[in-house]
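Dear colleague,

I am passing a structure on to you for your review. Please find the sequence and coordinates below, followed by a summary of the findings.

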Amino acid sequence: MNKCFFDYYAKYAQETPDKVVLRIDENELTYGDFMKKTAVFGSGMKKLGIGADDKVGICMPNSIEWYIVFWSAVRIGAQPVPMDPQSGSLELSRLIPATTSKIMFVSEKYRTNDIIKAVSDLVPGKIQQTKVVCFAPESSVPADDTYISADRFVSEYCGTECEIFKPEALHTMSLACTSGSTGTPKILSVPSGGFLSTQEDMGDYLEFKSSDVMMLGMTLYHQGGFGMGQQMVLKGGTVMYQPQFNPVTFLETVQKYKVNVIQLTATLAKVLLSTPDFDKYDLSSVRVSYWAGEVLPKEIADIFVEKLGIRVVNVIGSSETCTMVVWDSAIDQGTDPSDFKKLSFTDVRVIDEKHNDVAEGEVGELCVYTDGVILNYFGNPELSAEKILTDEQGRRWFCTGDLVNKLPGGIVRFAGRSKRIIKRGGNLVHAEEVEACLLTHPKIAAAAVTDEPHPVIGQQIVAYIQPKGDEKVTRGELAKYFDGKLSAYKVPDKVILVEEIPKDIGKIQFKYLRKKEYK
Amino acid sequence: MNNLNFDDFKQIISDYTGVDTSEITADTDVYDDLYLDSLGLFGLGSQITENTKLNIPLSLVASISKVGEMFDLLNEKGTPVEE
């Protein structure tokens with residue numbers, strides 16, 4: 001019989017029911033309550049007719065409720081679909097139908113994004129849902145019958161008993177949405193067995209223990225941030241997230257709870273290191289710092305390893321593969337943290353356009369095998385066939401789109417992206433998606449989006465715009481126009497007006513564009 | 001204490017965000033009114049440093065939400081950029 005996540009949760013709930021599995025600010029969830037509350041919400045979903053393989057949309061920020069809804073869906077064999085709570089109505093209008101979600105769980109707001117409004121612009125007028133369950137006061141719940149507050153959902157539909165679904169290894173555990181949503185959104189089918197085994201292997205590699213506390217800078221609704229936390233949970237430890245990143249409370253929390261593992265991105269680390277009195281915080285409990293999402297500059301890695309005495313483990317990865325390859329200061333200190341090696345439970349190839357291995361010293365696309373490589377892109381067989389290769393042993397390999405240099409000794413060095421993806425402070429932004437939204441603006445005739453290096457956030461989004469006639473378009477105007485349509489992090493940081501945009505967009509044209517600014 | 005002029009400060013913000021100076025006051029919310037996200041705020045912080053040659057700690061930038069607070073922060077805690 002295959003093991004599943006609930007085997008671990010149930011075991012820890014029996015052994016240490018009062019132990020905290022998840023803490024977000026002052027809110028806590030114990031292993032014991034985890035089992036009880038997922039039974040409550042799972043039973044409610046079942047009563048509404050949700051069952052195995054049905055999709056359960058979740059548009060909520062980091063919260064205990066997010067975690068309960070996610071695992072309640074898994075408990076009944078349904079597939080939770082976390083959506084970025086920054087999503088506006090344009091993104092949701094694509095995501096909800098593409099994921100075939102039957103029911104949605106939403107928060108009232110996230111930062112300035114009014115989530116209930118964004119959903120109610122679509123449901124039920126344009127998109128049907130069984131119910132939209134709102135974690136919000138009754139007064140904020142839309143009057144339509146589709147909408148119900150979480151309190152009423154619990155009192156009207158939920159019980160206390162709910163069987164645990166036993167998934168096969170290749171059953172889809174959840175659907176993960178990546179930030180790109182140009183036309184057809186990229187929706188990842190996460191395998192139950194493979195996701196579990198790779199997270200367990202990585203937790204072993206990092207020597208996580210049940211007494212450990214891990215603080216994450218990435219979010220629950222990001223597949224990477226969620227998965228890294230599960231590596232600790234599978235050991236029976238405690239994970240902590242923030243409702244939104246705050247550097248001072250991050251450091252205070254590390255000190256207060258004697259955190260042993262911190263998970264960061266390079267941008268978050270730059271912010272942390274700039275905190276006045278950074279040196280005065282007691283970080284001596286921290287054993288491992290775990291990095292993902294961005295290129296890690298050597299200077300930052302050096303500060304953590306040499307000054308703070310903290311092991312640095314940098315992973316190059318994507319939501320499609322779970323764990324991939326690492327740079328680990330315990331083994332690789334003295335080398336560049338952009339040089340990666342495979343782990344004992346992963347494998348890498350560097351391939352050319354025809355999928356043949358390139359020679360040492362050459363650049364090619366990084367292709368990775370892990371047990372956790374996604375089953376497919378949900379609803380997109382063409383993209384699945386292009387990106388996921390199956391070898392003669394039936395192992396799934398993922399073509400990452402990362403360009404790497406194949407070096408001696410099994411080392412791969414990150415060399416760039418093969419696609420037009422902008423890495424803005426750990427968020428991936430697809431240039432095409434921003435262009436598509438710009439082109440709907442009434443004053444814009446043509447647009448091209450590219451990236452520019454930025455000292456803090458890595459890359460910023462630059463939009464070159466050819467206005468219609470003599471119109472003038474400012475970033476402020478575009479930001480207002482994007483508001484509610486696309487997430488705030490996709491708004492161009494810089495807008496440059498140009499007389500004409502070459503139709504054949506590529507790297508050469510972008511260089512050309514930078515010289516030809518509008519007078 | 002740095003003696004920055006608020007009108008000059010507004011102009012830097014306007015140039016960066018594309019929001020007209022007439023719409024920017026000390027009470028303007030950087031998230032709601034300037035349509036920045038937290039990373040965009042760091043971008044604005046870098047631009048301000050470039051124009052004024054004054055550094056402000058990023059972690060303090062992360063905790064503000066009004067233009068006036070940012071101006072006060074720069075005037076009170078801004079340190080000259082080392083050339």
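For the helix packing described next, axes are lines fitted to C-alpha atoms, for helices over the stretch in contact, and angles run from 0 to 180 degrees between N-to-C directions. Please note that this is a predicted model.

Helix 7 (residues 192–205) of chain A packs against helix 8 (residues 223–233) of chain A, with 8 Å between their axes and an angle of about 65 degrees. Because angles of 65 to 115 degrees count as roughly perpendicular, helix 7 of chain A is described as roughly perpendicular to helix 8 of chain A. The crossing of these two helices of chain A is right-handed.

As for the residues involved, helix 7 of chain A contributes A:Gln199, A:Met202 and A:Gly203, which meet A:Gly227, A:Gln230, A:Gln231 and A:Met232 of helix 8 of chain A. Five residues of this contact are polar and two are nonpolar, while no charged residue takes part.

Turning to the domains, the assignment for chain A gives domain 1 (5–167), domain 2 (188–417) and domain 3 (421–515). Between domain 2 and domain 3 of chain A, the C-alpha centres are 29 Å apart. Seven residues from domain 2 of chain A and seven residues from domain 3 of chain A form the contact. On the domain 2 side, helix 10 (residues 266–273) of chain A supplies the largest share, three residues. That side of domain 2 of chain A comprises three charged, three polar and one nonpolar residue.

With kind regards

How values were computed:
Residues numbered from 1 in each chain as written. Chains lettered and ligands numbered in written order. Predicted model: local features only at pLDDT ≥ 70, side-chain atom pairs only at ≥ 80, totals over all residues. Domains from an automatic or database assignment. Contact = placed C-beta atoms within 7 Å. Helix = DSSP H or I, 4+ residues; strand = E, 2+ residues; numbered from the N terminus. Nonpolar A, V, L, I, M, F, W, Y, C, P; charged D, E, K, R; others polar. Parallel < 35°, antiparallel > 145°, perpendicular 65-115°, else oblique. Left-handed = near helix turned anticlockwise from the far one by under 90°.
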